[in-house]
Amino acid sequence: MKRLAAGVVAAVVILTACTATPAAGPSGPAGETTTSGLSPSAAAPVSPSAPVPSAPVPSASEPEPSRPTGWLAAVTGDTGRLAILGDSFASGEGAGSYRPAGDARRDSCHRSTYAVASELFPPDSIANLACSRATTGHLTAPQTLAFREPTQPGAGPGSVPPQLQQLQGFDPTLVILSVGGNNLDFAGILQACLLDTRPCTENPALRADAAVQLAALQPDLEAAYSALASAVAAPVLVLPYPQLFDAPDGGCGRLSVEEQGFARELVGELNTVIRAAVNNVPQANVYFVETAQDALAGHGACSEEPYLHAANVSGLLQAADSPTANQELLHPTRQGYRAMTDAIVEWAAAYPVAAG
């Protein structure tokens, strides 16, 4: 509850800090829950052959998605199968159209049918097993949900099994993974910048704590990557975190130029650790998709056309009363996830990887 409250206050601060231009992306309720796409049970193996409704059709005004080439085209073809694991930047937090992770009408995992790379595969060939708030440990251990709206009154928030357990029975041809930011508590550090009256750049304890967390993160990442790479034969594409702020050229409400720079520096350091962990994994099927870190360039949280939930006035006001809207803050919109997908396609077109 403390973190939720902090997020709401952060929303109010951002509201006065950033432009009031609505976040970019297709129209429609961001917190909408759907059952379209593959719906693997949180307690049972995934069945890619299960019948599903048709996927949402993009409007004619939306740009065409990038077309995979080379080895990526081979693994995303008619028989391709995508597994998505990790945290909110993998699950599609912020894109709406969420599938429940278990027996509930909605829950905090926020597995979106518009998650990164999802438009490269048929909807019935995707297993989105990622979950918002997940850490590296949740690949191999259960995760307690932050909230759930159960179909049976009186049920608790519940939990989901380890993501690698959920992956059993599904044979992916490509795996997307984003994880590590919640180990570092990046959101908490950013909120400290927003809420503290003293600039976070002048708080040596904050910097020191971030350095300690970063130093401890690499072994956890290596263990997580190794466990996943050993469980699948497919390429595992590890995504760095996208920069949430563009290079600052002025203040952004309570966020000074220096504080925006600090946030960018922290994301950069986190991505450096992620890259180092990928390089240390002995398995050959783990890759670092470096282009994803600049996928939102020009459309950061304080830009005129943001690809993140940060500058939408109505959305920020809703965050005060909605766990869904609160979770979506500083996460990509559908347009943001499409930009991340384009970055993956761009990387794959230039990277010399043999299919399979």
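In the predicted model, strands S1 and S9 pair in the parallel sense over five bridges, where helices (H or I, at least four residues) and strands (E, at least two) are DSSP runs numbered from the N terminus, and two strands count as paired if DSSP finds at least two bridges between them. Within this pairing, Leu-85 has Leu-177 of S9 as its bridge partner. S1 is also joined to S5 by three bridges, and these two strands run parallel, with Ala-83 standing opposite Ala-127 in S5. Residues are numbered from 1 along each chain as its sequence is written, and side-chain values use heavy atoms, with hydrogens and water left out. Because this is a predicted model, local features need pLDDT of at least 70 and side-chain atom pairs count only at pLDDT 80 or more, while totals for chains, interfaces and linings use all residues.

Strand S1 (residues 82-86) has five of its five residues buried, so it is largely enclosed by the rest of the structure; here buried means under 20% relative accessible area, exposed over 50%, and partly exposed in between, with a 1.4 Å probe and protein chains only. Leu-82, Ile-84 and Gly-86 point one way from S1, whereas Ala-83 and Leu-85 point the other way, and all are buried. In a regular strand the side chains alternate between the two faces of the sheet.

These pairings belong to an open sheet of five strands, which has the order S5-S1-S9-S10-S11 with parallel pairing. The edges are formed by S5 and strand S11 (286-288), each of which has a single partner strand, so one side of each is left without a neighbour in the sheet. Neighbouring strands of this sheet are turned by 20 degrees against each other on average, direction ignored, the axes being lines fitted to C-alpha atoms, for helices over the stretch in contact, with angles running from 0 to 180 degrees between N-to-C directions. Strand S9 (residues 174-178) pairs with strand S10 (residues 236-238) in the parallel sense over three bridges, and Val-236 in S10 is the bridge partner of Val-175. Helix H8 (residues 257-280) packs on the sheet, where it touches S10 and S11, and its direction makes about 150 degrees with that of S11; contact means heavy atoms within 4.5 Å.

Helix H11 (residues 334-350) comprises 17 residues and reaches 25 Å from its first C-alpha to its last, close to the 24 Å expected at 1.5 Å a residue, the expected span being 1.5 Å times one less than the number of residues. H11 is mostly covered, with twelve of its 17 residues buried, among them Arg-334, Tyr-337, Met-340, Ile-344 and Trp-347. The buried residues of H11 pack against helix H2 (70-75), helix H3 (88-91), S9, S10 and S11.

One disulfide is counted, a disulfide being a pair of cysteine sulfur atoms within 2.5 Å. This disulfide joins Cys-109 to Cys-131, with an S to S distance of 2.0 Å. Cys-109 lies in the loop between strand S3 (104-107) and strand S4 (111-112), and Cys-131 in the loop between strand S5 (126-128) and strand S6 (143-144), so the pair ties together parts that are 22 residues apart in sequence. The torsion about the S-S bond of Cys-109 and Cys-131 is about -90 degrees, so the disulfide is left-handed. Both Cys-109 and Cys-131 are buried.

Gln-163, placed in helix H4 (residues 163-167), counts as buried at 3% relative accessibility. The side chain of Gln-163 reaches the backbone nitrogen of Gly-86 at 2.7 Å; a polar contact is a pair of N or O atoms within 3.5 Å, and within protein one must be able to donate a hydrogen and the other to accept it, with residues adjacent in sequence counting only if both atoms are side-chain atoms. When residues up to four places away in sequence are not counted, Gln-163 touches residues including Leu-85, Gly-86, Cys-131 and His-138.

Positive phi values in residues other than glycine were examined in two loops. Ala-117, in the loop between S4 and S5, has phi near 75 degrees and counts as buried at 0% relative accessibility. Arg-133, in the loop between S5 and S6, has a positive phi of about 75 degrees although it is not a glycine, and at 36% relative accessibility it counts as partly exposed.

For the protein, the secondary structure comes to eleven helices and eleven strands, and buried residues make up 52% of the 356 residues.
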